[in-house]
Amino acid sequence: MDPQNTENLEIENEGKQQEHEIEEEEPEDSQGQVIEEEDEVIDGTYQENGNGGQEILALEAEFRTTHDADLARRLIEIYRDADDIANLRRVRETFLEHNLLLEGREFGSKMRIIFSKEDWLQWLQDEITFAKTDEEKKAMLKLFDRALEETLCNTMNDFSKSKLFWADFDVAKLAAKYVKGLFTNGTVRKNGVTLTLNKLINHFCFDFNRGSKFFKRLRKFELEYNDNPNE
Amino acid sequence: MSKKKKIDEINVILLRQEKAKVIRNLYERQLKLPLVDIDLTLDEYLKWEPNPDEKKKILTAYNETYKELPIHLDIEDRFNASLESGDIDQIKESLGQILSIENIKLEKKINILERSLEADPNSAEIWEIYVDFADNNIHINSTLERIYKRALKTISSNIGFAIKYLRVLEKNNTEPEELQSTEFMRRLII
């Protein structure tokens, strides 16, 4: 898989966007997957890719001891190249569990980042690619929930239910596109889409520049699905 | 017209009203929030809405929100300027000013804190401000737990965060086994 996949999601910084145009939905294919540029197909073993079994074992052993982020990312790249989803999940779960910085640091200095938004976007994109059955596709929505809870930034809401959410906007956009795709191919019902979009509204509605985004998306969906009741 | 046909027609009308209500509610929720494109949302709504009574009701809500807009524009200008500077002292100063404003919602203040972290997720200084703000303004233990946990995940060396986290876990009746199950808690214990 192309390690730059996440850049192909056409995720732009819409936080600064202040236009009110009806947004264009990114295309989805009939499987409910977000269409992206064709992946480079790597159909080889670890050895063929220059990553011998011994080297992987050594990396794994070191990762088990240090939980180092750079090592985690190296292993992730190796397993992505081999389309090895089981090992990808294991390394990512471990990485996520151990995403510590040993010390705080000065604002803006270049220090290794924790399990980042980019790591999440890559994980989600990989799982989207691997999710083939309806069950697996529905399970993706839970992974999106996890990603939205874990990723930093943006707004939150819903104190009334004793919950505090924070979410990354790019992860949220991907979630919205994905669930709409699942609806289009019949994997989820209308309620599944409205539930997800309402959740995203709650995540972002206090964000001055981006707060309208998911309101518009949900209205558009309701109008498309119901026909315009005022026409 | 047969009775059945009449009932069918009534059902169609009721269904259309129900669908219109869903759309209207979405406009109303959005127009109650001071967001950058509130005027355009209102224009869009007025074009869509055929019912004059509903228009009047939502216009009232819009007018209330509109009154809050200047303060939000000021907050955004101040906050964005500090972020663009990249200077932590300026960011801290603008955060201090914004967080002390009384007549804006708690959620808005959290949004500003989260956006500061978006600019630099691992800043110990911003996390300290965030945790301090949470201590004084958020009174829901499960919410505090999640904030402390995030802060501690990022700045694991901060013993103050660790103590706050342990205290809130205690209040939330967390089982000791569960407490020790995460790697960063094991490190703390060591």
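**Helix α7 of chain A**

I started with helix α7 of chain A, residues 190-204. Helices here are DSSP runs of H or I with at least four residues, strands are E runs of at least two, and both are numbered from the N terminus. The model is predicted; local features need pLDDT of at least 70, side-chain atom pairs count only at pLDDT 80 or more, and totals for chains, interfaces and linings use all residues. Residues are numbered from 1 along each chain as its sequence is written, and chains are lettered from A and ligands numbered from 1 in the order in which they are written.

I looked up the span of α7(A). Its 15 residues reach 21 Å from first C-alpha to last, close to the 21 Å expected at 1.5 Å a residue. The expected span is 1.5 Å times one less than the number of residues.

I then listed the buried residues of α7(A): A:Val193, A:Thr196, A:Leu197, A:Lys199, A:Leu200, A:Ile201, A:His203 and A:Phe204. Buried means 20 or more other C-beta atoms within 10 Å of the residue's own, exposed means 12 or fewer, and partly exposed lies in between; C-beta atoms are placed from the backbone.

**Domains of chain A**

I found domain 1 (1-11 + 40-130) and domain 2 (132-231) in chain A. The bounds come from an automatic or database domain assignment. Eight residues of domain 1 and twelve of domain 2 make the contact in chain A. Contact means C-beta atoms, placed from the backbone, within 7 Å.

**Chain B overall**

I counted ten helices and zero strands in chain B. Its radius of gyration is 24 Å, well over the 16 Å that the globule rule gives for 190 residues, so chain B is more spread out than a compact globule. The radius is taken over C-alpha atoms, and the rule is 2.2 Å times the number of residues to the power 0.38. The C-alpha box is roughly 85 × 45 × 25 Å along the principal axes. Buried residues make up 31% of the 190.

**Domains of chain B**

I read domain 1 as 1-120 and domain 2 as 127-190 in chain B. Their C-alpha centres lie 33 Å apart. Five residues of domain 1 of chain B touch four of domain 2. On that domain 1 side, α4(B) gives the most, with three residues.

How values were computed:
Two residues are in contact if their C-beta atoms, placed from the backbone, lie within 7 Å.
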